[in-house]
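This report goes from the whole protein to a single residue. Please look at the sequence and the structure before reading on.

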Amino acid sequence: MSIIQSRIVRYGELKPCKTAFIDAHTPGSDQKENFTIIGGGVSESPDQHVHITDKIGFNIGAAGQPPRCRNSLHSHTTAEVFFVAKGRWRFFWGRYGTAGEFIAEEGDIFNIPTGIFRGFENVGQDYGMIMSMLGGDDAGGGVTWAPQVIQDAQAHGLVLGNNGVLYDSKKGEELPHNVQPMPLLTEEELTAYPEVPVDAVIGKYVARYWDLMALAADKPAVVIGENGLIKDKPGFAVDFLTRGSAVTQQVKVDKPVVLMPASGHWRIKINEVEVTLSNGDTALVLPGESYSTEPSMTGEAGQYRITATDDPAGATWTGA
């Protein structure tokens, strides 16, 4: 395998971790699978496989869940962006997940504001997959769980240490003597996590696939960026390509670029290596390399392109 080939990860070759997070044994959440495609991700488990270990300023991952399986309420200090690769998903947020919710279909993208509790559930009829982008090489240092999630997990044998590592009492694991359980957020600390109304999220943090297909008809649509449909500077920029806005001539990049088809089949050429990728596949282009990407067959074709920026990975940018 060439060095470039090793930076292409196909959907069918993704290696899941079923013990990535504290709710891995909690009924309703115990069937979810976590994937780390590029970078370290935020998994709390040593079992997590990392496909591409390059540090590029942001992480690419995925979550796969069967119908009615949910990901428990948690918060991040850097960007968490999802687009739906397969299925139909309900995203919800707030201290108890009741502040707001919406349904995302295939290709839709959600830039979840930092500093709020959020969760998601597969509400489709089949196994579903959402692809994720997380700001920062360390994805903001991990996950903050709503207190009830930690309490539910302990009732099912999983304890999260204050070192960010999970210990499974069902396997006979105990906290090391120098590690304490992760403390629950106090009521005072919880006041820093706002209950964001739906109308502050829809239209500002969500972009719909069919709108992007229309907007990218003859030039790339800027999805996330200072002047994007979603105005944010999370340490990476996201745009959307279609047949009419494909990159037909090779371009040399000076920052890492990740190509993620959302629909159709795309012929991607990195330097002299040519591959055909489709929904759920990922390709990483490193600085100094050249790439082109265009649909390889007729029919519908959309692709997300993520580019590292010099902006620091941090809280959601408000334009202030």
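How far apart are the mean positions of the positive and negative charges of the protein?

## Charges

The mean positions of the 26 positive and 39 negative charges are 4 Å apart. Lys and Arg count as positive and Asp and Glu as negative, while His and the chain ends are not counted. Each charge is placed at NZ of Lys, CZ of Arg, CG of Asp or CD of Glu.

## Basis of the model

This is a predicted model, in which local features need pLDDT of at least 70 and side-chain atom pairs count only at pLDDT 80 or more, while totals for chains, interfaces and linings use all residues. Residues are numbered from 1 along each chain as its sequence is written, and side-chain values use heavy atoms, leaving out hydrogens and water.

## Overall build

The protein has three helices and 25 strands; these are DSSP runs (helices: H or I, at least four residues; strands: E, at least two), numbered from the N terminus. Along the principal axes, the C-alpha atoms fill a box of roughly 55 × 45 × 40 Å.

Of the 320 residues, 54% are buried. Buried means under 20% relative accessible area, exposed over 50%, and partly exposed in between (1.4 Å probe, protein chains only).

## Residue N71

N71 lies in strand β5, which covers residues 70–75. With a relative accessible area of 6%, N71 is buried.

Leaving aside residues up to four places away in sequence, N71 touches D23, K32, Q65, F92, G119 and F120; contact means heavy atoms within 4.5 Å.
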